[in-house]
Amino acid sequence: MRRLALLLVTLAALAVPAMASAHPLGNFTVNRFAAVELSGRDVFVHYVLDLAEIPTVQEGDRVRAAGFDVVVATRLYLELGGHRAQLVPLERKVSERPGAGGLPTLRFEAVYRVLDPGASTNLVFHDSNFATRIGWKEIVVRAGDGARVLGSDVPTESRSDELRAYPKDLLRSPLDVTSAQARFQLGARPGVPPSFTGAVAPERPGGAFESLIARGDLSVGAVLLSLLIAAFWGAAHALSPGHGKAMVAAYLVGSRGTPRHALLLGITVTVTHTAGVFALGLVTLALSAFIVPEQLYPWLNLGSAVLVVGVGVSVLRARLRHRHAHHHHHHAHEERSLRNLLAVGISGGLLPCPTALVVLLAAISLHRVGYGLVLILAFSAGLAGAMTAVGLAAVSAKRFIGRASFEGRIVRALPAASALLILGLGIAMTTKALPGVL
């Protein structure tokens with residue numbers, strides 16, 4: 001009966017679509033919401049933070065600590081009638097829910113009163129909390145109890161229900177509003193502070209791979225099954241858009257690719273991806289005061305793109321030389337091919353999967369570092385296996401084309417065409433990556 005239940009759990013895990021992250025906006029996000037509330041003759045600020053799994057690991061203790069609401073207030077700039085207003089904390093609440101891999105997500109909520117708003121009729125507001133972190137950023141200005149908003153460059157209603165329900169059509173391009181201006185008229189009577197229920201952080205559905213780290217049963221059979229599932233999701237991740245599959249195929253077609261080369265490429269992807277996950281984990285845990293992981297991703301993207309351009313240039317030069325001189329030294333050719341092959345493999349594994357990083361952090365949090373390591377290795381091996389399969393398919397296709405009775409000119413043009421394809425892919429990747437680092 002137990003084996004049957006384990007089998008059903010395994011099948012269910014394989015049937016669930018893979019999720020890139022448990023938080024709807026990604027594991028790296030710090031999401032911010034601010035409402036400037038005009039109530040009667042008073043002005044209040046209602047402020048909310050929603051931290052995904054990785055920032056919770058990095059910043060959770062600071063957010064939970066007493067006095068964090070005062071720290072937040074120092075980075076909220078509210079100007080009334082040309083003078084900066086003083087924000088006095090009235091109420092705060094911090095709650096958490098389990099996210100991916102059993103790591104928590106945090107929701108911080110606070111209400112501030114403006115000390116002596118005077119007879120102001122215009123305001124300027126700016127939020128600079130967590131300015132270097134990516135995520136949803138939203139501001140509203142609203143009024144009640146006799147106060148009125150006469151004009152504003154932000155809406156009165158929240159698009160995200162105050163970070164409780166993010167619109168699905170905006171997940172790929174979340175709001176990025178950090179400043180607001182408005183004209184208003186205050187009322188005559190004292191206002192009522194905005195109330196909040198102190199709602200807990202919203203539920204986060206966990207992905208199939210991340211959930212493996214929190215599994216209670218760590219018997220030999222359960223661990224082996226977990227490794228198979230992790231490898232499956234690694235392969236599925238590799239077959240999703242990206243990861244240089246077209247480049248791998250083009251390179252092996254354009255060079256003298258063999259099954260051994262395809263296998264070496266897969267091993268390189270495994271080693272690079274696993275090392276990348278652990279390096280990024282080290283940055284997350286030890287260097288968060290100086291740099292955050294999401295700041296590294298654009299540079300890793302650019303590095304991967306530059307590698308592809310280098311491979312494309314190298315292969316194209318080799319093809320052009322081969323056309324003009326057929327007596328190249330075999331040893332030099334092998335050495336150049338090995339360098340190019342390593343560059344292709346490193347490019348394919350250089351960008352660590354955020355899901356694997358979550359599993360590593362969860363493993364450290366749960367004191368299951370060894371188990372987390374083998375899960376990440378299995379995930380990387382699955383990713384590499386899929387890339388190797390793509391490479392083997394390219395090698396087989398090249399051999400088939402070579403044996404088939406195609407026009408000789410077409411067959412001879414394949415290496416140069418594949419080199420141009422690699423170079424084009426690299427240039428496209430570089431063009432796409434550059435805005436992220438500028």
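pLDDT is the predictor's confidence in each residue, on a scale from 0 to 100.

**Entry 1: confidence.** I began with this scale because the model is a predicted one. I looked up the mean pLDDT of the protein and found 76, with 70% of its residues reaching 70 or more. Going through the elements, I noted that confidence is lowest in helix H1 (residues 2–15), where the mean is 37, and highest in H3, where it is 96. Over residues 1–21 the pLDDT is below 50, and I noted that this stretch has 24 contacts in the model beyond near neighbours in sequence.

**Entry 2: the mixed sheet.** I traced an open sheet of five strands, whose order is E5-E6-E2-E1-E8 and whose pairing is mixed. Its edge strands are E5 (87–98) and E8, each of which pairs on one side only, and from one strand to the next the twist averages 15°. I then went through its pairings. E1 and E2 are antiparallel partners over 10 bridges, and Ala 34 has Tyr 47 in E2 as its bridge partner. Their hairpin has two residues between the strands, and there Gly 40 takes a positive phi near 60°. E2 also pairs with E6 in the antiparallel sense, over eight bridges, with Phe 44 opposite Arg 113 in E6. The parallel pairing I found is that of E1 with E8, joined by eight bridges, where Ala 34 stands opposite Ile 139. Lying across E1, E2, E5 and E6 is helix H2 (residues 53–64), which runs at about 45° to E6.

**Entry 3: E1.** Is strand E1 enclosed by the rest of the structure or open to the outside? I checked burial and found 10 of its 10 residues buried, so E1 is largely enclosed by the rest of the structure. Both faces are covered: Val 30, Arg 32, Ala 34, Val 36 and Leu 38 are buried on one side, and Asn 31, Phe 33, Ala 35, Glu 37 and Ser 39 are buried on the other.

**Entry 4: the antiparallel sheet.** I traced another open sheet of five strands, in the order E4-E3-E7-E10-E9 and with antiparallel pairing. Strand E4 (83–84) and strand E9 (148–152) are its edges, each pairing on one side only. E4 is held to strand E3 (residues 76–80) by an antiparallel pairing over two bridges, and I noted His 83 in E4 as the bridge partner of Leu 80.

**Entry 5: the cores.** Which residues touch the most other members of the largest nonpolar core? This core has 34 residues, and I listed Leu 38, Leu 78, Phe 108, Tyr 112, Leu 123 and Phe 125 as those that touch the most other members. Two or more residues come from each of strands E1 (30–39) and E2 (42–51), helix H3 (68–74), and strands E3, E6 (104–114), E7 (122–127), E8 (137–144) and E10 (179–185). I followed up Phe 125, which, leaving aside neighbours within four places in sequence, is in contact with residues including Ala 34, Val 36, Val 45, Leu 78, Ile 139 and Ala 180. A second, separate core holds 25 residues, among them Ala 230, Trp 233, Ala 362 and Ala 378.

**Entry 6: aromatic pairs.** I found three aromatic pairs in the structure. Among them is the edge-to-face pair of Trp 136 and Tyr 166, at 5.5 Å centre to centre with 65° between the planes. Trp 136 lies in the loop between E7 and E8, and Tyr 166 in the loop between E9 and E10, so this pair ties together parts that are 30 residues apart in sequence. Both Trp 136 and Tyr 166 are buried. I also looked up Phe 232 and Trp 233, whose ring centres are 4.9 Å apart and whose planes stand at 75°, so this pair is edge-to-face. Phe 232 counts as partly exposed at 38% relative accessibility, whereas Trp 233 is buried at 6%.

Entry 7: Asp 116, with phi near 55°, is placed in the loop between E6 and E7, and it counts as exposed at 66% relative accessibility. Asp 145 has a positive phi of about 55° although it is not a glycine; it lies in the loop between E8 and E9 and counts as partly exposed at 46% relative accessibility.

Conventions:
Residues are numbered from 1 along each chain as its sequence is written. This is a predicted model: local features need pLDDT of at least 70, side-chain atom pairs count only at pLDDT 80 or more; totals for chains, interfaces and linings use all residues. Side-chain values use heavy atoms; hydrogens and water are left out. Two strands pair if DSSP finds at least two bridges between them. Helices (H or I, at least four residues) and strands (E, at least two) are DSSP runs, numbered from the N terminus. A nonpolar core is a set of buried Ala, Val, Leu, Ile, Met, Phe, Trp, Tyr and Cys residues joined through side-chain atoms within 4.5 Å. Buried means under 20% relative accessible area, exposed over 50%, partly exposed in between (1.4 Å probe, protein chains only). Contact means heavy atoms within 4.5 Å. Rings of Phe, Tyr and Trp (its six-membered ring) pair if their centres lie within 6.5 Å; planes under 30 degrees apart count as stacked, over 60 as edge-to-face and the rest as tilted. Axes are lines fitted to C-alpha atoms, for helices over the stretch in contact, and angles run from 0 to 180 degrees between N-to-C directions.
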